[in-house]
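Here is a short exchange about strands and how they pair. Look at the structure first, then read on.

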Amino acid sequence: MVVGEIAVETDVVVIGGGPGGYAAAIRLGQLGQSVVLIEEDKLGGVCLNRGCIPSKALIHSAGEYHKLGSLGKMGIRIPTNDFSFEMEGWQDWKGGIVSQLNKGIEHLCKENGVTVVKGRASFLSDDRVGVETGGDFETYKFQQAIIATGSRPFIPAFIEVDHTHILDSTSALQLKEVPKSLAIIGGGYIGMEMGMAFAKLGSKVTVVEMADRILPQVSAGLVREVTRNAKKLGMTIKTSTKVENIGLDNGKTVLEVTSEKAGNETIVSDKVLVTIGRIPNSGGLGLDQAGVEMDERGYIPVDAKCTTNVPHIYAIGDITPGPALAHRASKQGIVAAEVISGLASSVDSPLIPYVIFTEPQIAGVGYSKEEAEQRGFEVKVGQFPYRANGRALATAEVDGFAEVIVDANTHLLLGMHMVGADASNMIGEGVLALELSARVEDLALTMHPHPTLSEVWLEAAEAALGHAIHIVNK
């Protein structure tokens, strides 16, 4: 192997082809930069290949399957009531979706002049990277670089994921059969999304969470709706509970857990899914060779322009501190590409929306009531329940509510949050409203089409002003 004898020169090297990396590379190509995108696996990263898209395909399929049993109340009769879910068939369907999207990204890179290199990259200095491509080694000399290597599941040292009995989120999405029983370590958004999906498919699901409630990252009021539905699905949720040990016995997994309330307990299940969190992929990148600093957790700190401590090297996505969200990575990637190309661009981090694909969905943007109060705002809150919305009733989606957080003095919208059907799509209105620094009157005066779920935003805004039409104002 000969290192760095002849280096291919390029304006920008992007390391990592996930939603942040490929977005950055395409934007760089649009802005006339020569760009090399280095990816060791498939374009699209975890999001497309092992995360967002496959998991939402499972959640959607599980939701459709689950609905079949309740269509009778709408007058829809399935004569034999004999329907089933075949995981292998779902795997084929999911694979087709992922493949189609992979090809789409490859096409877009090609059309925007992006050179895609398959291999594992590491910095040799602050202006060169080496790439292992099978048995070869190539060197690239760059003017600027973007690090977009993402993250991976965090697995505690005492747990060994064998991908057969003890799973991470990747192997759970590769199952060929629905497990009869599934224990999930971690009641965060991945654990609850996948737990509810498998419960809808017939698994007996037990969630073990160390915090005093599931989904501890979002407001308790939003979570109550999800907790109620989890119980309807037959899920067992053990909060304030710690996993002490995990093992196998006659093909079954055995979890030993403790809690102040129940003491020592044993949970026996077919499989265990570990969803405790994620850690950045910062090892093996040769960051010290480039002089790029990390924090104590392995994340690369960046400023609003996504610049690291080395001015011509940028970092985006899960490898930087902040929520591990694909849309944050994409936004950062575009910002970094534009800054490199001399455009004025930056990331306004308080306006990162979040979506949790539980039953019902949770979504939000901006401050919660508690966060706004902690920052010294005098807060006014307007809520409107789904059950008072005509479209929600007509589609049997009555669980949940929309909530607007308003500065009581200026009437500026500080946050918009909701739990309910299609929250993932409807939060877009909230993102735009906050991005435009809208006042609650702007939302209340905007004509919303009827009958749609989007009217819950209108009436939540009117409720904050004390004159909602379809609920009694308090």
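Q: What makes β6 and β17 paired strands?
A: Two strands pair if DSSP finds at least two bridges between them. Three bridges join β6 to β17 (residues 313-315), so the pair meets that definition. The two run parallel, and I313 in β17 is the bridge partner of A145. Strands here are DSSP runs (E, at least two residues) and helices likewise (H or I, at least four), numbered from the N terminus. The model is predicted: local features need pLDDT of at least 70, side-chain atom pairs count only at pLDDT 80 or more, and totals for chains, interfaces and linings use all residues. Residues are numbered from 1 along each chain as its sequence is written, and side-chain values use heavy atoms, with hydrogens and water left out.

Q: How do you know that β1 and β5 also pair with β6?
A: Eight bridges join β1 (residues 7-15) to β6 (residues 136-147), running parallel; V14 stands opposite I146 there. Six bridges join β5 (residues 128-133) to β6, running antiparallel, with E132 opposite F137.

Q: Why is one side of β18 and of β20 left without a neighbour in the sheet?
A: The open sheet has the order β18-β19-β22-β21-β20. β18 (354-356) and β20 (379-385) stand at its edges, each with a single partner strand, so one side of each has no neighbour in the sheet.

Q: What makes α14 a helix that packs on this sheet?
A: Contact means heavy atoms within 4.5 Å. Helix α14 (residues 455-464) touches β20, β21 and β22 (413-420).

Technical notes:
Axes are lines fitted to C-alpha atoms, for helices over the stretch in contact, and angles run from 0 to 180 degrees between N-to-C directions.
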